[in-house]
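Opening my notebook on a new one. I want to jot down what I look up, starting with charged side chains and then moving to the core.

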Amino acid sequence: MPGGRRNAASRNGQTKSQTGFSGSANVAVRSNSGERTVGNCMDDKKSEEFCGIKTLVPKHVPVPVVPMDSHLTFEALSLIVSIIAASLQMLNLYRTVWWLPHSYNNYSMNFYLIDPYLLIFIITMVTRQFIYSLMRRIIDISSPVRWLLAAQKIMRILFFRITLLIIVMSVLCWCLYHMADRHNSMKIFYLCYPCLSVYFVMFGLSAAPFFDISTAPLYSKDEKKTKYLMDKPLHNCSLNASAIRAEVSTLRSDFNRRLKRALFASSSSAYVCGIAPIIFVPQHLHFNVSWVVQHVIMFWLGRISTHFSQAYPVRYCDVLHRAALHLGRWVKIENRNNHTYAQAWNDSVLWPHGSIVRHNKEVYRSEGLCTVAEPGNSNHYKFHALFSNPTMLLCSLLGLQLLLVGGQLFVLLRTTDWYQVLSITLLLVINYYTLFKITRDYLICWKVYHAEQIIQERSQMCSNSAIQ
């Protein structure tokens, strides 16, 4: 029936039609019998087919603008936190009993035991990112697009990055040279090898993550008007199945890139500020081993939460969530009936809820308002499972931060030494700020996506009634 449309009974006796749509000028319609008819957009059935398309489009609820730290502000806060953590670790290692009446110490720390070149090494490592971010901000302000081309701007940033890399590496090599004269060569190996090996495994020979470990947002940013991320995502509510899968692939790659940079940033900060001072402790010095190890672990967990909350803001998680709704997922049917009819999966079709297809000798059933994922593709399945409910990610971060803060409060109640009280109190104050941001983001997402879930359920009911 060219130019027409009909419902066909399935082989199991049910009169249930399933309609899929592609993003071309013509609308491709598939019934459960496997027949396909093509109607021109000027056909008399245009309005009916358009209504069918609209039933397959997920309904999105706009997320309110949530304030977040700018890149420069985040790097400045990270620099302050890293210096505080390194100073507290030095205090844990080189503390004195200066308050006793017959003490030979006039200061709270044995400063003469601290290697000055180690301090220069640590300061250089923790300040490189802030200096790079500050210079990037200066270049952006002093180089407007109206008189400086984008290519020239990129070349200027690249030149500055190479210059800064040469300066930083020269300072680090100068420190390592003098530290090698004072200490065993194995200590130099322990200081450099873990960070270098992890860096080259994650990023290869690229020098950009060494300075810019933050993530470039997927949104346009107009810092002249606001410091918030503008609602200009890459996600588009497309009806083209191939375009949706390509968008999901791009978002998945960006998510993994942000994950690697956040993990490296938090781990490198914890190693340089917490473990490096332990490596160069004199052999005759006695200190509380369990306390300094606990300090490293707590600082590392706090940095992970902070970098994750910065790398995955609410608006970014909403982009991933919207793409996951359009992607859908396929569930493999294990105990299927031999008489159950399944048509061949087509990569250009938007499959409605409950569609049964065959792909690679397996039978799958679609879940979601529409499904364009490839059956059996583990990447598509994981993407939908993780981001169909974005509050799962924020809930995990919130649980980690609550456990960290609760553990620190418990340790504080059981602590009596003055340096331990000071150390754990400062870490608590730092983690309170991160806890506030994660809690705020979680509550906003929970309210928004609870309302969206109600809308999706109503749309699903309308879609099922339209199909029947």
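Started with Arg257, which is partly exposed at a relative accessible area of 26%. Keeping in mind that this is a predicted model, I looked up its partner. Arg257 forms a salt bridge with Asp254, with the closest N and O atoms 2.7 Å apart. Both sit in helix 7 (residues 241-279), three residues apart, about one turn of the helix. Asp254 counts as buried, because its relative accessibility is 8% and the cut-off for buried is under 20%.

Next, strands. I found Arg329 in a salt bridge with Glu367, closest N and O atoms 3.0 Å apart. Arg329 lies in strand 3 (residues 329-332) and Glu367 in strand 7 (residues 362-367), so this pair ties together parts 38 residues apart in sequence. Arg329 is partly exposed at 22% relative accessibility, and Glu367 is partly exposed at 28%.

Then I noted Lys332 and Glu362, whose side chains meet in a salt bridge at 3.5 Å, N to O. Lys332 is in strand 3 and Glu362 in strand 7, 30 residues apart, so I wrote the pair down as a link between distant parts of the chain. Lys332 is partly exposed, at 38%, and so is Glu362, at 23%.

My search of the whole structure gives eight salt bridges.

Last, the core. Which residues touch the most other members of the largest nonpolar core? I got Tyr94, Met179 and Leu191, out of 55 residues. Apart from that core lies another, of 26 residues, Ala241 and Tyr312 among them.

Conventions:
Residues numbered from 1 in each chain as written. Predicted model: local features only at pLDDT ≥ 70, side-chain atom pairs only at ≥ 80, totals over all residues. Heavy atoms only, no water. Core = buried A, V, L, I, M, F, W, Y, C linked by side-chain atoms within 4.5 Å. Buried < 20%, exposed > 50% of the residue type's maximum accessible area, 1.4 Å probe, protein only. Salt bridge = Lys/Arg side-chain N within 4 Å of Asp/Glu carboxyl O. Helix = DSSP H or I, 4+ residues; strand = E, 2+ residues; numbered from the N terminus.
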